[in-house]
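Open your viewer and get ready to select by residue number. This short tour tells you what to pick next and what to look for.

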Amino acid sequence: MASNVEAPERWYLALLGFAEHFRTSSPPKIRLCVHCLQAVFQFKPPQRIEARTHLQLGSVLYHHTKNSELARSHLEKAWFISQQLPQFEDVKFEAASILSELFCQQNLVDSAKPLLRKAIQISQQTPYWHCRLLFQLAQLHTLEKDLVSACDLLGVGAEYARVVGSEYTRALFLLSKGMLLLMERKLGEVHPLLTLCGTIVENWQGNPIQKESLRVFFLVLQVTHYLDAGQVKSVKPCLKQLQQCIQTISTLQDDEILPTNPADLFHWLPKEHMCVLVYLVTVMHSMQAGYLEKAQKYTDKALMQLEKLKMLDCSPILSTFQVILLEHIIMCRLVTGHKATALQEISQVCQLCQQSPRLFNNHAAQLHTLLGLYCISVNCMDNAEAQFTTALRLTTHQELWTYIVTNLASVYIREGNRHQELYGLLERINPDHNFPVSSHCLRAAAFYIRGLLSFFQGRYNEAKRFLRETLKMSNAEDLNRLTACSLVLLGHIFYVLGNHRESNNMVVPAMQLASKIPDMSVQLWSSALLKDLNKALGNNIDAHEAAQMHQNFSQQLLQDHIAACSLPEHNLISWTDGPPPVQIQAQNGPTTSLASLL
């Protein structure tokens, strides 16, 4: 009798062992794994084994094949049978979790939501699964851009974690909610929440790696909050803490001891992903501050690490990190006079977005903005306008919208005949009142745009007022590029007014700062002014030296201009609709005016 009771388990374990052997073979033998699992049903197994086998089959088919319908059928059976069995939580909730993922992959979000809600409702006595399912449903709402529902769920999760005595997971829920509130720009709610999170993180005594990872999450939110506000100088202490924190994590050994509270069984990000993220926010800071060589150094390090990670890990977050890094380095290249490289990197972003509709959906506006900036750099103003207009149509992000409008206004100023459109735009980004965002950096840029327009219109006193406001704001937060641009434009105004000494006092520091960044267009502009200034002041040797510098910058920019416009990727400037073009046809030589460079 005893042997009959044990028999089902023996054959089940044997088939399971074979299935696992085939699944973990190198390369995996998925067809043989599936055959072994399907053979379990031939023995008319008890319900517990039947439900678990349906889950295993559904999981293998979902993760390793394209047979999503069969995977769905097995997962639905596992979910249905396991609900009838007492104390079968792991199978029940794992089936619900994977099945809802599959529904989302098939764009059946309306099937995923009620399934997750039901699973959340019946999992309250199982802390690990209850928290995991709450995170999953919150993520689903976030992907749908329903941030209010996602925040509500994260709030429920934080309270549940508190009740079951998991301060660690409570902090994870609250930090996740803080991240969404930052995305929603609900700054009044962010400050008290981050203060509470800071207290919880510092007071929590547990696994050192988990504690440090909470600190990284907390500090990343603080740093991005400052950077969103354009406060490049104020963020430095936080950024330094973050960099020290990631160094601490990299020295800690992974502790294999499992937490005693099942609700603590979560990780925010793997160590390697956190490291890339810290590089990323450092690049964002360097870019805003105008430390472009530093931005390039950290981008190279981060991209190298990403390439290694992507060989072993297909996590979508790695592609997101890669795209954001490329977006920042492209802006650096355009400033430092490497347009051809920038264009090839824009094409790389297009390729990454082709592989992921979600990635393209999230970054299409940024991609068209980058193309607009490239068009300005090669003096294709009509294309720049078309790219910025497309980007405005695609974004709901207020900071990005303001950045695009600021750049579009600069295009209209250069074109000189778009007064009605220009004044319409400037009214919407008036830095003196009702500025649309709280960003210090963007508000300073809006003053600069006003100064630029006043200069072109010959209203020099008004231009000086706007530019001095820009200088005051950019000096307060170490915004080096805006400082350099404002100084050289003020220098130009004083030169036009015949005040050569004052002009020199502006242009010399502008040149020094532009060389430090390095900003090629400001160096070109400054060297031209220095040449004329020194001539007017009778400093012939200095004038000759400035003329030589101007000639060198002109040649560098001209060669880069020709190289960029000769690339097949240059035709991306005509793309304004739909997904990025797969094939980019070559064209014969540059078609853009070089007049702006000479």
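This is a predicted model: local features need pLDDT of at least 70, side-chain atom pairs count only at pLDDT 80 or more; totals for chains, interfaces and linings use all residues.

**Stop 1: a helix pair.** Select residues 316–336, helix α15, and residues 357–377, helix α17. Their axes come within 10 Å and cross at roughly 10°. α15 and α17 are therefore roughly parallel to each other. Now show side chains. On the α15 side, pick P316, S319, T320, V323, I324, E327, I330, M331 and L334. They meet R358, L359, H363, Q366, L370, L373, Y374 and S377 in α17. Colour this contact by residue type: ten residues are nonpolar, five are polar and two are charged.

Stop 2: Next, select C375. Its nearest cysteine sulfur is that of C380, at 5.7 Å. A disulfide needs the two sulfur atoms within 2.5 Å, and C375 is in none. C375 is buried too, at a relative accessible area of 0%.

**Stop 3: helix α7.** Select residues 127–143. This helix has 17 residues and reaches 24 Å from its first C-alpha to its last, close to the 24 Å expected. Is α7 largely enclosed or largely open? Twelve of its 17 residues are buried, so α7 is largely enclosed by the rest of the structure. Among the buried ones are W129, H130, C131, F135 and H141. Then step just past the end of α7 to K145, which takes a positive phi of about 65°.

**Stop 4: helix α22.** Select residues 460–476. The 17 residues of α22 should span 24 Å at 1.5 Å a residue, and the end C-alpha atoms are 24 Å apart, which agrees. Highlight the buried residues of α22: A463, K464, F466, L467, T470, L471, M473 and S474. Which helices do they pack against? Bring up α21 (440–456) and α23 (480–496) to see these partners. Finish just after α22, at D478, where phi is positive, about 55°.

Note on methods:
Residues are numbered from 1 along each chain as its sequence is written. Side-chain values use heavy atoms; hydrogens and water are left out. Axes are lines fitted to C-alpha atoms, for helices over the stretch in contact, and angles run from 0 to 180 degrees between N-to-C directions. Helices (H or I, at least four residues) and strands (E, at least two) are DSSP runs, numbered from the N terminus. Angles under 35 degrees count as roughly parallel, over 145 as roughly antiparallel, 65 to 115 as roughly perpendicular and the rest as oblique. Contact means heavy atoms within 4.5 Å. Ala, Val, Leu, Ile, Met, Phe, Trp, Tyr, Cys and Pro count as nonpolar, Asp, Glu, Lys and Arg as charged, and the others, Gly among them, as polar. Buried means under 20% relative accessible area, exposed over 50%, partly exposed in between (1.4 Å probe, protein chains only). The expected span of a helix is 1.5 Å times one less than its number of residues.
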